Amino acid sequence: MSFREFLSSSRIPILIILLLALGIRVSLAVSYPRSAFDEDRYTIPAVNMLAGHGFSVNVEEPYLPAEHAVPAYPLFVAAVYAIFGERPLAVRIAQSVMDLVTCLLVAFLSFSLAPPSLRRPAAISALVIYGCLSWFTLNWTRYVLTEMLALFFTTLAVALGVVALKRGRWWWLLVGATCGLALLTRPDSVLLVLALVLFLLLQIVRRAAAPNVVNLLLFCLAIPVVLAPWIARNYLAFERFQPLASEYAFAGDEYMPTGYLKWIRTWMTDETYFPAFTPAFLPGDRSFNPKELPDSLFDSEQERAEVLQLFAEYDQLGHFTPGMSDKFRTIADDRIKRAPVRYFVWLPINRIASVWLTGFATNNRFHRVLRMLFVLPILIGGVLGLALGARNQPLTELLLLVILTRTVFLGYHYAPETRYIVEVYPMMIAACGVTGAVLWGYLHRVWKREAAEDQPG
């Protein structure tokens, strides 16, 4: 059975699942909309583009060109605004509809990963999980943020990769073009590109054949072609090579105290103390109180006093100076020298556990347990599904590389933000669908056996 045949033969259950999934998403968007502090970085450029002011973050003249964000999501918002007016609800509903396509792509991945006898139940299981049970992805339909578009392009790129494995080299151009669109949606999609490059290199090493080399070249060629208009625009506007967004997503040439970020990396493991980023990313904001940091975070009372003194200087000036950043860097270097295993091993492990299991809910015990209860079945099912689908070696390797590259990166990144792991949930859910098919088959056999035993004679 092909996936097209599966769609044709299972129209009614698929339609019911998709309608239920759409109802959940639209209900969240209408009844529980959420506004993020950085929503304006996408909506303001969208409004300016519609008004003919170009890609700018300014709300009044002069409308200076900006590079604080890549353009795909603002263009998406602008397209919705052009049709329905400047209504954030319209954007949320449009995202909800688009996410139904992602549901089908996840079902396709699960269908492709499963053994032939399990393909149909695997696809249905994945469709139900992603469509109705994956709160960690559908939750983002409530926001006017990049997550849903990034989910779509990431899943589409992997799904096209599956087709490219079967149909040949020119499909890798489409995979590369889709990755280019993902990069224009979120710069961290470079991790998706890395995973696909590693996958194609593995194919070259395993099968030293010219077609595999051509596949890699076609994939790599398509990406700069898609990025070229944005790169050219940035060069003309700023006279420098800027392939994605500006570093740290600043709208101008603002100063980032990198020494301060290095100090944060020596202790932060989850979003509990994320307000600590406020002084660096929002200079002048004094809402963060460093005295709320636990004493266990510091290696000594002297270190704690030094940190509090630096924050006192920040409160006076309203911003970090290079000298203050260097002092934070010195503190960070000393912490690393005292405990290298903590920095290179234990902190990354804790960050990985945080983004997958707890994340933003770690400051509330009830929410933490609730989130873990929701996500653990998907993670365990995903791992088992990858093991069950190991016979399909190329696809299993591709899914694993996409998941692992992002997971390892977030383990060593200074900001273990939960929203940056959602792009790999489709791959984990696709694998979980295979486990769901096995479980359903087992329960069905048990039910039939018990039914047969209950019959008289």
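This is a predicted model: local features need pLDDT of at least 70, side-chain atom pairs count only at pLDDT 80 or more; totals for chains, interfaces and linings use all residues.
Trainee: Where do H3 and H4 sit in the chain, and at what angle do their axes cross?
Mentor: Helix H3 covers residues 40-50 and helix H4 covers residues 72-84. Their axes come within 8 Å and cross at roughly 55 degrees. That angle makes H3 oblique to H4.

Trainee: Is that crossing left-handed or right-handed?
Mentor: H3 passes H4 in a right-handed crossing.

Trainee: Which residues meet there?
Mentor: From H3, they are Tyr 42, Thr 43, Pro 45, Ala 46, Val 47, Met 49 and Leu 50. From H4, they are Tyr 73, Pro 74, Leu 75, Val 77, Ala 78, Tyr 81 and Ala 82. By class, the contact of H3 with H4 has 13 nonpolar residues, one polar and no charged.

Trainee: What is Glu 67 in contact with?
Mentor: Leaving aside neighbours within four places in sequence, Glu 67 is in contact with Trp 230, Arg 233, Asn 234, Phe 238, Arg 240, Gln 242, Ala 245 and Ser 246.

Trainee: Changing topic. How do H8 and H18 pack?
Mentor: H8 is residues 147-167 and H18 is residues 393-412. Their axes come within 11 Å and cross at roughly 155 degrees. Angles over 145 degrees count as roughly antiparallel, which is why H8 and H18 get that description. The crossing of these two helices is right-handed.

Trainee: Which residues make the contact?
Mentor: H8 brings Val 158, Val 162 and Leu 165. H18 brings Pro 394, Leu 395, Leu 398, Leu 399 and Val 402. The contact of H8 with H18 has eight nonpolar residues, no polar and no charged.

Trainee: And H5 against H18, what angle is that?
Mentor: About 135 degrees, with the axes of H5 (residues 88-113) and H18 9 Å apart. H5 and H18 are therefore oblique to each other.

Trainee: Which residues of H5 and H18 make that contact?
Mentor: Leu 109, Ser 112 and Leu 113 come from H5, and Leu 395, Thr 396 and Leu 399 come from H18. The residues of this contact divide into four nonpolar, two polar and no charged.

Trainee: Now the aromatics. How many pairs are there?
Mentor: A search of the whole structure finds 29 aromatic pairs.

Trainee: What is the relative accessibility of Phe 277 and of Phe 281?
Mentor: Phe 277 has 8% and is buried. Phe 281 has 27% and counts as partly exposed.

Trainee: Which residues form an aromatic cluster?
Mentor: One cluster is formed by Tyr 260, Trp 263, Trp 267, Tyr 273, Phe 288, Phe 311, Tyr 314, Phe 320 and Phe 328.

Trainee: Last one, Arg 335. Where is it, and is it buried or exposed?
Mentor: Arg 335 is in helix H15, residues 322-338. At 2% relative accessibility, Arg 335 counts as buried.

Trainee: What does Arg 335 touch?
Mentor: Apart from neighbours within four places in sequence, Arg 335 is in contact with Trp 263, Thr 266, Trp 267, Leu 297, Phe 298, Asp 299, Glu 303 and Arg 342. Trp 263 and Trp 267 are also among the residues of the aromatic cluster.

Methods. Residues are numbered from 1 along each chain as its sequence is written. Side-chain values use heavy atoms; hydrogens and water are left out. Rings of Phe, Tyr and Trp (its six-membered ring) pair if their centres lie within 6.5 Å; planes under 30 degrees apart count as stacked, over 60 as edge-to-face and the rest as tilted. Buried means under 20% relative accessible area, exposed over 50%, partly exposed in between (1.4 Å probe, protein chains only). Axes are lines fitted to C-alpha atoms, for helices over the stretch in contact, and angles run from 0 to 180 degrees between N-to-C directions. Helices (H or I, at least four residues) and strands (E, at least two) are DSSP runs, numbered from the N terminus. Angles under 35 degrees count as roughly parallel, over 145 as roughly antiparallel, 65 to 115 as roughly perpendicular and the rest as oblique. A crossing is left-handed if the near helix is turned anticlockwise from the far one by less than a right angle, and right-handed if clockwise. Contact means heavy atoms within 4.5 Å. Ala, Val, Leu, Ile, Met, Phe, Trp, Tyr, Cys and Pro count as nonpolar, Asp, Glu, Lys and Arg as charged, and the others, Gly among them, as polar.
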